[in-house]
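Look at the model below before reading on.

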Number of protein chains: 2
Amino acid sequence: MRVAGAGLPSTLNSRLSTLTEGVLARHPREVGRAITAVENEGGCPELLRSLFPRTGRARVLGITGPPGAGKSTLAQRLAQAWRRRGQTVGIVAVDPSSPFTGGAILGDRIRMSEIYTDPGVFIRSMATRGALGGLARATSDAVDVLDAAGFDVVLIETVGVGQDEVDIVKAAETVAVVLVPGLGDDIQAIKAGILEIGDVFVVNKADREGADRTAAELAMMLDLSAPGGWRPPIVRTVAPRGEGTGEAVAALDAHGAHLAASGEDLERRRRRVRARLLALLEERFHRRVAQQAPGPEGLDAAVRRVSLRERDPYGAAADFFARVVPE
Amino acid sequence: MRVAGAGLPSTLNSRLSTLTEGVLARHPREVGRAITAVENEGGCPELLRSLFPRTGRARVLGITGPPGAGKSTLAQRLAQAWRRRGQTVGIVAVDPSSPFTGGAILGDRIRMSEIYTDPGVFIRSMATRGALGGLARATSDAVDVLDAAGFDVVLIETVGVGQDEVDIVKAAETVAVVLVPGLGDDIQAIKAGILEIGDVFVVNKADREGADRTAAELAMMLDLSAPGGWRPPIVRTVAPRGEGTGEAVAALDAHGAHLAASGEDLERRRRRVRARLLALLEERFHRRVAQQAPGPEGLDAAVRRVSLRERDPYGAAADFFARVVPE
């Protein structure tokens with residue numbers, strides 16, 4: 001009979017050690033189950049704590065950009081390049097999904113089928129479920145799982161550009177922003193929003209008309225904003241044909257070398273840790289608020305009063321907050 | 001000499017009443033200053049509380065969709081249509097902006113120049129500043145300011161699709177999702193993500209090749225997901241030429257009538273109030289956490305310990321949380 005530890009019931013404890021051992025041995029089924037566990041609301045702190053001593057070895061990269069930029073195909077090409085130099089690769093794809101029904105799209109997985117049969121590559125789509133703040137936390141946890149499982153490179157792929165993606169990208173050491181020529185009249189707005197997230201810029205579908213202009217505009221914007229230090233390189237790729245993949249890998253490597261040489265990696269790590277702690281604290285706060293829901297002093301009662309316009313939202317929030325978090 | 005009220009210093013109190021009176025009189029300068037005030041971290045609870053009794057009259061509509069869908073042009077056309085029937089219009093445009101430097105893009109304003117000189121229309125771009133959760137809160141506050149100022153219709157325009165936009169769209173009674181033909185290979189993913197947000201779908205740039213297919217695919221997906229009740233209509237527009245604007249207005253009106261007739265508006269209002277209270281609580285929690293930053297028990301110390309891998313993030317977050325929010 002197993003002895004229960006850390007206050008957990010013995011069955012839970014036994015399942016936890018099976019899961020931990022499975023992840024550390026890089027068994028695909030256990031790795032997948034571990035990520036499912038961290039996707040749940042509140043995650044799986046016990047698992048993450050037991051995996052923690054084995055994390056911190058993977059190189060964590062991010063790839064983001066507007067819809068239609070061809071990020072999945074590029075991710076596939078990058079994974080193939082890393083595999084050729086003997087590195088194992090974990091991919092966490094953060095797909096948009098309905099905030100109400102949950103569930104992720106399988107499109108990315110299907111398009112990545114070429115590398116899907118390689119045991120040195122593990123691909124996982126995250127279900128977003130619409131949990132406030134939960135996605136960034138779950139993504140970081142999934143990265144930890146893949147890191148502990150011994151994948152040399154962990155690639156986070158996010159679709160779209162927004163606060164969400166910025167939060168998620170905070171979990172990566174180096175971020176590649178992928179653009180394509182001729183994305184329409186909101187492109188300027190997109191570029192401005194992601195200009196400072198990108199350590200490397202990729203103009204994908206570079207065989208399309210307008211690629212020169214996109215690259216030139218981007219270079220101009222980078223020149224204008226240049227804060228000294230690292231100047232993000234602009235790489236051109238045609239991902240379906242594999243063109244430019246080598247240059248993209250080299251640019252990502254160069255940024256990694258820059259981080260280490262400049263000592264900026266330590267500052268970035270602190271920023272990542274801070275964002276992660278804040279996400280964990282936020283999730284705990286939401287759970288505490290939810291626990292206060294019933295009763296005349298609860299959240300439901302406050303919602304009702306404000307809905308009936310008996311109370312303004314600011315006053316109601318202040319009163320409720322004072323009850324949950326005393327001075 | 002003015003007598004100070006509500007515990008505020010007399011100068012602040014006097015500025016507050018000037019601002020409140022200016023907003024209620026719909027002076028553009030004061031309306032703009034009020035929105036600037038709510039954009040700041042923590043917002044301006046005193047102002048919102050004093051405006052609250054005059055809110056609740058505007059019809060609040062949302063317009064969202066992927067970049068390049070032509071939302072701004074469509075918003076301009078809708079505003080012109082509402083103006084023609086004698087309604088005043090406030091527009092809150094939520095632009096993507098750098099999470100690090102803040103600042104919003106002026107592109108939308110420039111493109112909307114046709115209606116920019118009309119005193120019955122007020123257009124405001126929100127600066128996002130990257131404040132965690134702050135954007136949805138600030139957008140709701142800006143809607144309240146415009147509502148209190150007596151604008152008949154308040155239109156929230158958000159660029160992109162993601163958790164962020166979903167949160168922001170929660171402040172609207174009726175949401176129009178704008179799509180365009182041929183947005184690339186991630187379009188399926190986008191559609192799935194926004195399918196349940198849209199009360200009305202607009203296929204803009206409907207003179208483009210592929211419009212029929214986009215509309216047909218959309219109709220099929222709506223049929224598959226149909227939960228009964230309201231079936232979101234699909235409207236085709238060519239916004240630069242004003243084609244389809246009347247149909248879009250009619251579809252938005254029809255949804256408003258459906259909400260009122262079915263009583264669903266009350267349930268939706270409760271959902272909006274709940275999301276708003278949660279955003280306010282979250283912002284307060286972040287401020288409380290930030291106050292705990294210095295000292296060996298503070299957030300900075302926790303960040304340092306986790307960065308040095310002396311502590312795992314889950315344990316550090318649990319300890320810190322217990323100090324800020326006692327059981």
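Ala176(A) stands opposite Val200(A) in E6(A). The two strands involved, E5(A) and E6(A), run parallel and are joined by four bridges. Two strands count as paired if DSSP finds at least two bridges between them. Strands (E, at least two residues) and helices (H or I, at least four) are DSSP runs, numbered from the N terminus.

This is a predicted model: local features need pLDDT of at least 70, side-chain atom pairs count only at pLDDT 80 or more, and totals for chains, interfaces and linings use all residues. Residues are numbered from 1 along each chain as its sequence is written, while chains are lettered from A and ligands numbered from 1 in the order in which they are written.

**The sheet of chain A**

Seven strands of chain A form an open sheet with parallel pairing, in the order E3-E2-E4-E1-E5-E6-E7. E3 (121–126) and E7 (234–236) of chain A are the edge strands, and each pairs on one side only. On average, neighbouring strands of this sheet are turned by 20 degrees against each other, direction ignored.

| Strand pair | Bridges | Direction |
|---|---|---|
| E1(A) and E5(A) | Four bridges | parallel |
| E5(A) and E6(A) | Four bridges | parallel |
| E6(A) and E7(A) | Three bridges | parallel |

Single residues mark these pairings. Leu61(A) stands opposite Thr174(A) in E5(A). Val203(A) faces Arg236(A) of E7(A), standing opposite that residue. In general, strands of a sheet pair through backbone hydrogen bonds, either parallel or antiparallel.

Is E6(A) covered on its faces, or which residues are buried there? Both faces are covered: Val200(A) and Val202(A) are buried on one side, Phe201(A) and Val203(A) on the other. A residue is buried if 20 or more other C-beta atoms lie within 10 Å of its own, exposed if 12 or fewer, and partly exposed in between, with C-beta atoms placed from the backbone. In a regular strand the side chains alternate between the two faces of the sheet.

Helix H4 (71–84) of chain A packs on the sheet. H4(A) touches E1, E2, E3, E4, E5 and E6 of chain A, and its direction makes about 175 degrees with that of E4(A). Angles run from 0 to 180 degrees between N-to-C directions; axes are lines fitted to C-alpha atoms, for helices over the stretch in contact.

**Helix H14 of chain A**

H14 (313–324) of chain A has 12 residues. From first C-alpha to last, H14(A) reaches 16 Å, close to the 16 Å expected at 1.5 Å a residue. The expected span is 1.5 Å times one less than the number of residues.

Pro313(A), Tyr314(A), Ala316(A), Ala317(A), Phe320(A) and Phe321(A) are buried in H14(A). Seen down the helix axis, the buried residues of H14(A) fall within an arc of 160 degrees, so they line one face of the helix. The face turned away from that buried side carries the exposed residues Asp319(A), Ala322(A) and Arg323(A). What do the buried residues of H14(A) pack against? They pack against H13 (299–307) of chain A, together with H3 (45–51) and H12 (264–291) of chain B.

**Chain B**

Chain B has an open sheet of seven strands with parallel pairing, in the order E3-E2-E4-E1-E5-E6-E7. Its edge strands are E3 (121–126) and E7 (234–236) of chain B. Three bridges join E6(B) to E7(B), and Val203(B) stands opposite Arg236(B). H4(B) runs at about 175 degrees to E4(B).

Ala239(B) is found in the loop between E7 and H11 (245–262) of chain B. Ala239(B) is buried because 24 other C-beta atoms lie within 10 Å. Leaving aside neighbours within four places in sequence, Ala239(B) is in contact (C-beta atoms, placed from the backbone, within 7 Å) with Gly70(B), Thr73(B), Leu74(B), Arg77(B) and Asn204(B).

**Totals and confidence**

Chain A has 14 helices and seven strands. Buried residues make up 48% of its 327 residues. Over residues 1–6 of chain A the pLDDT is below 50. Residues 97–109 of chain A also have pLDDT below 50. Where pLDDT is low, the predicted coordinates should not be read in detail. For the complex, the predictor gives an ipTM of 0.83 and a pTM of 0.77.

How values were computed. Two residues are in contact if their C-beta atoms, placed from the backbone, lie within 7 Å. The arc is that of the directions from the helix axis to the C-beta atoms. pLDDT is the predictor's confidence in each residue, from 0 to 100.
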